[in-house]
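Colleague: Could we go through the model together? I would like to start with the charged contacts.

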Amino acid sequence: MIDTVVKLLPALLGIAVGYVLRLRGIADNRDADFMFRIIVNVFLPCLAFTALSRVAIDRNLVVFPVAALLMITVGYLMGRLLAAKGPFLPAQRAVAICSCMNVNTGFILPFVQGLYGADGVARIAAFDAVNTTLTFTWTAYVAARGNPQHAGGSLMVKRFATSPPLYAIAAGLFVSAFGLRVPAGVADPVAAIGAATGILMAIGVGIRFEPPGTGLGKAALIHTTRLTSALGVALVFVLVFGLTGTDRTVLLLMGIAPTPFFIVAFATMERLDVRLTVTTLSLSMLLSLPAALVVIFLTT
């Protein structure tokens, strides 16, 4: 248990480093915005290509991409309901919807890897085949639609046509589908660049981090909606398919995972309410950590 918690330290320390840089005046919001743009256009594409090009989904793992699709769909529907009925300003509605959609698999990866090794990581990879693809299509679309400067369909076509993550996803899926072998001279540098995504994203979040205060109530509403939708889908899968052991634990961890880091990057790029996004992320991480430990304790 302690070993798996220790594996979360790089991300936690990254957030702490970013926050200290902000407090000391070494970095500010503009620096964080620049980092997020670099991450989305360089580091995330490398990470997405590496993850998807190495996925091999067999019958035993098919439940995970199906669960990913349903979690994101239900999260979107509940997020839209919350945005329409809740106390959200126009620039906050897209934040509410996006924060309820995708799963932060990077947060639970250290737990799963520490508990189950390669078998657990394979389940996360199968889940991410859908989760990552929809991140840079559906979720990116929702965020862009919420941009105050959104100018209609032509803007979205341009965004998608010039999106490095989408090209990386297409390339990764192509390699996986046809069983192609990427030369080590290409695969290794790309993987090395992608591996830095988590820590860089954590530092950027730390720079943007503000202790929960204004907007805490709205952030709590978003997190509660997200938890209800994702964990509800996970429980249904566990009960309907009679999942046990590794499958049960990994899927339940997916259900309690916090809002993904990249939502902050989307909010920054699309001129949404970044403060609410960071508050939601910070609150969901604080609440998801003990929840993950509870799930592990009860199911292993």
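**Salt bridges and a surface patch**

Modeller: D247 is buried, at a relative accessible area of 17% (buried means under 20%, exposed over 50%, partly exposed in between; 1.4 Å probe, protein chains only). This is a predicted model, where local features need pLDDT of at least 70, side-chain atom pairs count only at pLDDT 80 or more, and totals for chains, interfaces and linings use all residues. Residues are numbered from 1 along each chain as its sequence is written, and side-chain values use heavy atoms, with hydrogens and water left out.

Colleague: Which residue forms a salt bridge with D247?

Modeller: R123 does, with the closest N and O atoms 2.5 Å apart. A salt bridge here is a side-chain nitrogen of Lys or Arg within 4 Å of a carboxyl oxygen of Asp or Glu. D247 lies in helix 13 (residues 245-256) and R123 in helix 7 (residues 118-145), so the pair ties together parts 124 residues apart in sequence. Helices are DSSP runs (H or I, at least four residues), numbered from the N terminus.

Colleague: Is R123 buried or exposed?

Modeller: R123 is buried, at 14% relative accessibility.

Colleague: How many salt bridges does the structure hold?

Modeller: Two. D28 and R30 also meet in one, at 3.3 Å, N to O. D28 is partly exposed at 29% relative accessible area, and R30 is exposed at 65%.

Colleague: Changing topic, which residues make the nonpolar surface patch?

Modeller: V6, L9, L12 and L13 make that patch, of about 330 Å². Helix 2 (residues 9-23) gives the most to it, with three residues. Patch residues have over 30% relative accessible area and no salt bridge; like charges are joined within 9 Å, and nonpolar side chains (Val, Leu, Ile, Met, Phe, Trp, Tyr) within 5 Å. Accessible areas come from the Shrake-Rupley method with a 1.4 Å probe, and for residues only the protein chains shown count as cover.

How values were computed:
Helix = DSSP H or I, 4+ residues; strand = E, 2+ residues; numbered from the N terminus.
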